[in-house]
Amino acid sequence: NMTDILDQWQYFASPVYSIEKPEFLEPVRKISDQYLTARKASNDPPLDPMFPVQTTGFFHEPALKDFTAFIAECAWAILQEQGHDMSGTATYFQEMWAQEHRKWNGHEEHIHNLGAQITGFYFVEAPEGGCRVMLHDPRPARLQVLLPEADMNKITDASSKILFIPKPGNMYFINSWFPHSITRNPIDTPTTLVHFNLGVQPSMKSQKSTSNNKSKAVVL
């Protein structure tokens, strides 16, 4: 019967959050350049031509306190908005580092575990034609039975990968279980980004104080 209409329900979403924050570019670029320069100078371990230059962690840098506070507030707000019980908790940085993707550098598909809950990227240098953020279908059972897509240029329920084209000042957040990668850079100009992971721990702050932080963080 061609008049029959099936009810459709969408469950187990894989949300992606983004925001433009160019006001952080100057301090983040300064610290990232400092750490990248030190990493290249040490060459310990030796740099690999196929992988990005990756720094040690720097979320503790005082010059980035507004940047890190914003990220932590956003992460808390995201988890609460998703339905998690965030009362009496705070988000904290497990790690944050810079990556410089030179020509042909990339970061293969991966997730973050060991207690990480929110993962994100902040792009410092994003030249046209450079690296992109690629998100991969997190459902392993579906990957075993994939059918060809009718049009890979369209985002549909058949899509298994999604690309985001960044620009400087773009910030992205995903759940840490969401498989992601950075595509290989086909141009001579490097792409530079800050990658971060946050966990959740008990907080000494009141729930009222934490809720106030949420209202300042981001509109979801």
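The model is predicted. Its salt bridges come to nine. Among them are Lys40 with Glu100, Glu108 with Arg184 and Asp137 with Arg139. Thr192 is buried, whereas Phe12 is exposed.

**Salt bridge Lys40–Glu100**
- The side chains of Lys40 and Glu100 meet at 2.9 Å, N to O.
- This pair links distant parts of the chain, 60 residues apart. Lys40 sits in helix H1 (residues 25-42), and Glu100 sits in strand S3 (residues 89-101).
- Lys40 has 37% relative accessibility, so it counts as partly exposed.
- Glu100 has a relative accessible area of 12%, so it counts as buried; the cut-off for buried is under 20%.

**Salt bridge Glu108–Arg184**
- The closest N and O atoms of Glu108 and Arg184 are 2.7 Å apart.
- Glu108 is partly exposed, at 45% relative accessibility.
- Arg184 is partly exposed, at 29%.

**Network around Asp137**
- Asp137 and Arg139 form a salt bridge at 2.9 Å, N to O.
- Arg142 joins Asp137 and Arg139 in a network of salt bridges.
- Asp137 is buried, with a relative accessible area of 8%.
- Arg139 is partly exposed, at 44% relative accessibility.

**Thr192**
- Thr192 lies in strand S10 (residues 191-202).
- The relative accessible area of Thr192 is 5%, so this residue counts as buried.
- Beyond its neighbours within four places in sequence, Thr192 contacts Leu36, Gln99, Glu100, Tyr122, Phe123, Val124 and Glu125.
- One of these contacts, Glu100, is also the salt-bridge partner of Lys40.
- Thr192 and Pro52 are 140 residues apart in sequence. Their C-alpha atoms are 9.2 Å apart in space.

**Surface patch**
- Trp9, Tyr11 and Phe12 form a nonpolar patch on the surface.
- Together these three residues have about 530 Å² of accessible area.
- Phe12 lies in the segment before strand S1 (16-20).
- Phe12 has a relative accessible area of 81%, so it counts as exposed; the cut-off for exposed is over 50%.

Methods. Residues numbered from 1 in each chain as written. Predicted model: local features only at pLDDT ≥ 70, side-chain atom pairs only at ≥ 80, totals over all residues. Heavy atoms only, no water. Helix = DSSP H or I, 4+ residues; strand = E, 2+ residues; numbered from the N terminus. Buried < 20%, exposed > 50% of the residue type's maximum accessible area, 1.4 Å probe, protein only. Contact = heavy atoms within 4.5 Å. Patch = residues over 30% accessible without salt bridge, like charges linked within 9 Å, V, L, I, M, F, W, Y side chains within 5 Å. Areas by Shrake-Rupley, 256 points an atom, 1.4 Å probe, with all protein chains shown as cover. Salt bridge = Lys/Arg side-chain N within 4 Å of Asp/Glu carboxyl O.
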